[in-house]
Amino acid sequence: MGQHQHLNKTAESASSEKKKTRRCNGFKMFLAALSFSYIARALGGIIMKMSITQIERRFDISSSLAGLIDGSFEIGNLLVIVFVSYFGSKLHRPKLIGIGCLIMGTGSILTALPHFFMGYYRYSKETHINPSENSTSSLSTCLINQTLSFNRASPEIVEKDCVKESGSHMWMYVFMGNMLRGIGETPIGPLGISYIDDFAKEGHSSLYVGSLNAIGMIGPVIGFILGSLFAKMYVDIGYVDLSTIRITPKDSRWVGAWWLGFLVSGLFSITSSIPFFFLPQNPNKPQKERKVSLSLHVLKTNDERSQTANLTNRGKKVTKNVTGFFQSLKSLLTNPLYVMFVLLTLLQISSFIGSFTYIFKYMEQQYGQSASQANFLLGVITIPTIATGMFLGGYIIKKFKLSLVGIAKFSLLTSIISFLVQLIYFPLICESKSVAGLTLTYDGNNSVASHIDVPLSYCNSECNCDESQWEPVCGNNGITYLSPCLAGCKSLSGIKKSTVFYNCSCVEVTGLQNRNYSAHLGECPRDDACTRKFYIYVAIQVINSWFSATGGTVCILLIVKIVQPELKALAMGFHSMVIRTLGGILAPIYFGALIDKTCMKWSTTSCGARGACRIYNSVFLGRVYLGLSTALRFSALVLYIVFIFVMKKKIQGKDTKASDNERKVMDEANLEFLNNGEHFVPSAGADSKTCNLDMQDNAAAN
């Protein structure tokens with residue numbers, strides 16, 4: 001008999017171990033799948049940021065329109081975030097996350113599709129270039145008393161190209177693809193974290209979430225590496241003979257293989273979605289139990305029909321919930337601490353989003369770096385710096401057990417240091433390039449007050465040049481000319497990228513002692529002084545990123561501490577909505593619109609419309625780009641100081657009320673003792689205890 005009981009116990013323990021193993025394996029599988037989805041999400045985001053300048057050039061659009069495309073991700077996110085937040089926890093969360101990853105991958109692939117339906121990229125819109133022909137034949141030189149009709153495309157070709165180039169409206173597919181990616185990304189974070197919180201062991205959820213965020217950093221690392229690699233490849237790689245391409249990655253017309261990054265990230269996202277469709281809704285239940293519960297659920301449908309009478313009561317509850325929602329929202333919006341914190345974080349994050357969206361363009365235009373070099377440097381430097389800063393920020397808060405005001409002061413200190421470091425960027429702005437026809441007269445002898453309608457010089461006035469053409473050449477005097485014709489060049493030799501132009505009359509009048517008045521294809525490189533400034537800029541970027549990341553980890557901590565406990569979820573949701581709407585969507589647009597104001601030379605499409613910008617005024621670009629970011633951050637700092645002052649005052653007010661209540665209780669106790677004929681004398685221990693409490697309160701307030 002005893003042996004039989006022992007066998008039963010052994011069987012029960014074995015079955016319980018199997019359940020634990022099954023539950024453990026299901027949860028671990030979910031963690032592994034969610035890790036891949038985090039990587040896919042970060043990879044897709046960084047690919048879009050790195051490709052925004054390439055997309056701008058490929059579709060011949062302005063920076064503000066490119067900013068709208070970038071912000072479409074947040075638009076898609078906002079469309080479904082309420083639905084996901086409310087209904088997500090009531091449905092099959094792993095499958096919802098899987099569907100999200102599938103939609104995210106589909107959006108990335110949709111973003112890349114226009115490349116396959118548009119024609120070859122023509123970096124010189126003013127001339128008709130067949131990719132299979134020697135492109136040097138399309139270069140116009142100074143032909144005195146002759147027309148350039150043989151260099152121009154015929155009206156029939158122009159009209160055909162104009163119709164075909166209506167494909168430039170295919171940027172709308174990129175817009176929709178990025179929006180679709182935003183829709184798909186929505187359930188990954190909230191549903192994944194809530195699933196972990198529900199089924200992780202007690203006290204382990206924070207460790208899992210931290211590990212997920214750390215693993216997610218692999219996505220940007222892969223993205224920067226792939227982005228750097230694809231930016232070196234010509235956009236039509238595999239379709240054209242690359243030996244016929246006469247521009248280099250440092251040319252302002254160069255477009256890399258931007259579409260390859262979206263294909264890779266899209267396929268990775270779709271692959272990461274597969275495991276979620278095989279995971280249980282509840283990892284604590286084995287498959288058989290779920291089937292049994294499903295059959296029981298079917299048998300109980302008759303009982304559920306009897307509960308339809310409760311729908312009226314539920315409707316009343318819904319009305320109460322809606323009323324309660326607006327009351328809660330009113331409570332949040334009348335909380336001065338919360339409103340100030342939302343505004344200051346909006347300013348900070350708008351500065352970050354706008355700066356990061358156009359940082360690759362800034363490095364290209366300001367310091368003459370190619371997109372590939374900019375991507376690689378930012379990836380190698382920024383990602384480890386930000387990761388280290390985030391970890392250190394959390395460690396400092398935990399190590400020193402900072403109070404609420406202490407956390408806010410720590411964040412303010414790091415923000416002030418980061419702001420002061422950012423001011424060093426201004427002396428690192430390079431002078432504008434010497435470009436004849438934009439910053440100098442065509443003879444190169446004098447500067448011009450404005451780049452608009454610079455008159456021709458006697459060195460090229462008889463050349464019959466097309467002034468709208470952008471085919472830059474660098475004279476051996478260090479000045480860039482808009483085209484070989486406007487440089488007054490009469491002859492050329494060599495092919496493709498090694499083409500050299502001779503007898504350039506506008507180069508001649510600048511007073512060279514040797515009579516080698518020549519120019520070669522491409523803009524003149526930046527001087528050594530500007531190159532040195534670039535290396536200093538990179539070093540300052542590291543310091544700035546580190547301080548920003550160190551103080552940026554406390555955002556969520558402050559939000560949940562300055563509102564009532566029952567309003568935490570609503571406070572975080574409303575904060576996220578404001579940041580996404582006014583920061584994620586609008587910041588790239590108004591940053592891009594102001595950057596467009598600094599453009600000196602726009603491309604011209606085959607239809608004669610304005611295209612993408614070819615060259616910017618470096619000084620104005622630096623002042624606008626850095627000035628706008630600095631202004632936003634300075635406004636945030638002012639609000640931060642007011643926020644801490646109000647917070648301290650509020651905490652001190654609470655402490656005063658608490659001490660008044662303690663005195664009131666003590667007075668009542670003394671009165672009671674006196675009425676009973678006794679005298680209450682506080683002991684020295686009580687005095688010291690009260691002193692300690694006051695010191696702790698003062699320390700917390702400070």
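This is a predicted model: local features need pLDDT of at least 70, side-chain atom pairs count only at pLDDT 80 or more; totals for chains, interfaces and linings use all residues.
Residues are numbered from 1 along each chain as its sequence is written, and side-chain values use heavy atoms, with hydrogens and water left out.

**Figure 1. Overview of the protein chain.** The protein chain holds 23 helices and eight strands; helices (H or I, at least four residues) and strands (E, at least two) are DSSP runs, numbered from the N terminus. Of its 702 residues, 46% count as buried, where buried means under 20% relative accessible area, exposed over 50%, and partly exposed in between (1.4 Å probe, protein chains only). Contact means heavy atoms within 4.5 Å. Among contacts between residues at least 6 apart in sequence, 79% join residues at least 24 apart.

Figure 2. Two packed helices are described by the angle between their axes and the distance between the axes. Axes are lines fitted to C-alpha atoms, for helices over the stretch in contact, and angles run from 0 to 180 degrees between N-to-C directions. Angles under 35 degrees count as roughly parallel, over 145 as roughly antiparallel, 65 to 115 as roughly perpendicular and the rest as oblique. The residues of H9 in this contact include Pro220, Val221 and Phe224, and those of H16 include Phe376, Leu378 and Ile383. By class, the contact of H9 with H16 comprises eight nonpolar, five polar and one charged residues. Ala, Val, Leu, Ile, Met, Phe, Trp, Tyr, Cys and Pro count as nonpolar, Asp, Glu, Lys and Arg as charged, and the others, Gly among them, as polar.

**Figure 3. Packing of helix H15 with helix H19.** The axes of H15 (residues 359-367) and H19 (residues 528-552) come within 10 Å and cross at roughly 155°. H15 is therefore roughly antiparallel to H19. Ile359, Tyr362, Met363, Gln366 and Tyr367 of H15 meet Cys530, Lys533, Phe534, Tyr537 and Gln541 of H19. Seven of these residues are nonpolar, two polar and one charged.

**Figure 4. Surroundings of serine 108.** Serine 108 belongs to helix H3 (residues 93-112) and is buried, with a relative accessible area of 1%. Leaving aside neighbours within four places in sequence, serine 108 is in contact with Gly177, Arg181, Phe262, Ser265 and Gly266. Arginine 181 is 73 residues away from serine 108 in sequence, yet the C-alpha to C-alpha separation is 6.4 Å.

**Figure 5. Surroundings of lysine 49.** Lysine 49 is found in helix H1 and is buried, at a relative accessible area of 15%. Not counting residues up to four places away in sequence, lysine 49 touches Asp70, Ile353, Phe356, Thr357 and Phe360.

Figure 6. Most residues other than glycine have a negative phi. Asparagine 464 is partly exposed, with a relative accessible area of 40%.
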